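Thank you all for coming.

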Amino acid sequence: MNKIAAITLLCLMFNSFSYGQRSSPIGLIETNYGDIYIKLFEETPNHRESFIALAKSGYWDSLTFNRVIPNFVAQAGCPDTEEGFNDPEYLLEPEFVKGITHVYGAVGAGRDDNPGKLSARCQFYIVQNKNGLHRLDNDYTVFGQVISGMDIVDKIVLVKKDDSDEPLTAITMKVSIVQMTKREIEKLYDN
């Protein structure tokens, strides 16, 4: 075997070995209805890192899905309060990315009507409308996509709720980050 062929073979072996070994952080939301897995977009690095940091700190583990509306969203995290929308520690500059839109299963950051479209990093929502919610594009940052568990989101938005769309029975959650290889992620994708 010549030197070039040997180097090529080694490169191919290394690439196939590393294919299964590289991992990515995936958001895992465990609810009393089942688990939801979220791919976090590298194209929105500040929102991605914020989600990871809050998940690792256990921030959302005492909170719930607090606003559920069929054909709209399942929203979780801090309730709509002044503190959540005015505390600079919990605000992020928007990260609008061409091609990343409010499709079914998109995960976005909540916000109030502030003119800078700053995200309240303590709050997130999952688009439950099968046609998407493109009227929200370039107004709210999309930073992830549900890759498994949309059947769970579909159940969550149908629970009994009060006049402010808050579930009558709390939908608790535990949010964590799991490291998954590309192959493991591919196996998760919903049809």
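This is a predicted model: local features need pLDDT of at least 70, side-chain atom pairs count only at pLDDT 80 or more; totals for chains, interfaces and linings use all residues.

Let me begin with charged pairs: there are two salt bridges here, a salt bridge being a side-chain nitrogen of Lys or Arg within 4 Å of a carboxyl oxygen of Asp or Glu. Residues are numbered from 1 along each chain as its sequence is written, and side-chain values use heavy atoms, with hydrogens and water left out.

In general, side chains of opposite charge can pair when their charged atoms come close. R48 is buried, with a relative accessible area of 12%, whereas E49 counts as partly exposed at 47%; by buried I mean under 20% relative accessible area, by exposed over 50%, and by partly exposed in between, using a 1.4 Å probe and protein chains only.

The other pair is D139 with K117, where the closest N and O atoms are 2.7 Å apart. This pair links distant parts of the chain, since D139 sits in the loop between β8 and β9 (142–148) and K117 in the loop between β6 and β7, 22 residues apart. For the names of these elements, helices (H or I, at least four residues) and strands (E, at least two) are DSSP runs, numbered from the N terminus. D139 is partly exposed, at 26% relative accessibility, and K117 is likewise partly exposed, with a relative accessible area of 26%.

The torsion about the S-S bond is about 45°, so the disulfide is right-handed. C78 lies in the loop between β4 (73–77) and α3 (82–86), and C122 in the loop between β7 (119–120) and β8 (123–127), so the pair ties together parts that are 44 residues apart in sequence. C78 is buried at 6% relative accessible area, and C122 is buried too, at 1%.

That brings me to strand β8, where five of the five residues are buried. In a regular strand the side chains alternate between the two faces of the sheet. In β8 both faces are covered, with Q123, Y125 and V127 buried on one side and F124 and I126 buried on the other. Strands β4 and β8 pair in the antiparallel sense over five bridges, where pairing requires that DSSP finds at least two bridges between two strands, and A76 stands opposite F124 of β8. Strand β6 (residues 106–109) also pairs with β8 in the antiparallel sense, over three bridges, and G108 has Y125 of β8 as its bridge partner.

Finally, two backbone details in loops. N71, in the loop between β3 (64–68) and β4, has a phi near 60°, a positive value in a residue other than glycine, and N71 is exposed, with a relative accessible area of 52%. D165, in the loop between α4 (150–156) and β10 (173–181), also has a positive phi, near 70°, and is partly exposed at 21%.

Terms used. A disulfide is a pair of cysteine sulfur atoms within 2.5 Å.
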